[in-house]
Amino acid sequence: MLSFEEGFIESQQLNQRLLQTIRLVGEYKGKQELFKQQAPQVLGTLRQAAVIQSTESSNCIEGITVPLERIKKLVTEKTTPRDRSEQEIAGYRDVVTTIHTIAIAFHS
């Protein structure tokens, strides 16, 4: 594979479109940082909705079905699980929380 040969990447030409894409990535990253500072509550609400939907979908794929209202309580309020299905949901919640905690620490 040529891309692993020494000097291959350095010899590639940067065309106008690639340079524009790189500039836009930097611009959007700046906008993302600004949005994070100005609207943390909105992002928190969106993150919470995504976690609830992810929890519901992932557990449904595994054959674990729990009413949506109960999932919301388990994910947002850290309610004590009533049965094995709810324990699975609480476990998923804990893993997602850990992932988000690590991701936030990594990006800070």
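Me: Which residues does Arg-93 touch, not counting residues up to four places away in sequence?

Reply: Contact means heavy atoms within 4.5 Å. On that basis Arg-93 touches Leu-74, Val-75, Lys-78 and Thr-79. This is a predicted model, in which local features need pLDDT of at least 70, side-chain atom pairs count only at pLDDT 80 or more, and totals for chains, interfaces and linings use all residues. Residues are numbered from 1 along each chain as its sequence is written, and side-chain values use heavy atoms, with hydrogens and water left out.

Me: Where does Arg-93 lie, and is Arg-93 buried or exposed?

Reply: Helices (H or I, at least four residues) and strands (E, at least two) are DSSP runs, numbered from the N terminus. Arg-93 lies in helix H4, residues 84-107. Buried means under 20% relative accessible area, exposed over 50%, and partly exposed in between, with a 1.4 Å probe and protein chains only. Because its relative accessible area is 8%, Arg-93 is buried.

Me: Which residues is Thr-55 in contact with, leaving aside its neighbours within four places in sequence?

Reply: Thr-55, found in helix H2 (residues 40-61), is in contact with Ile-71, Val-75, Ile-89 and Tyr-92. Thr-55 counts as buried because its relative accessibility is 0%.

Me: How many helices and strands does the protein chain have, and what is its radius of gyration?

Reply: The chain has four helices and zero strands, running α-α-α-α from the N terminus on. The radius of gyration is taken over C-alpha atoms, and the globule rule is 2.2 Å times the number of residues to the power 0.38. A compact globule of 108 residues would have a value near 13 Å, whereas this chain has 21 Å. Its C-alpha trace spans about 60 × 40 × 25 Å along the principal axes.

Me: What share of the residues of the protein chain counts as buried?

Reply: Of the 108 residues, 15% count as buried. Among contacts with a separation of 6 or more, 30% are accounted for by residues 24 or more positions apart.
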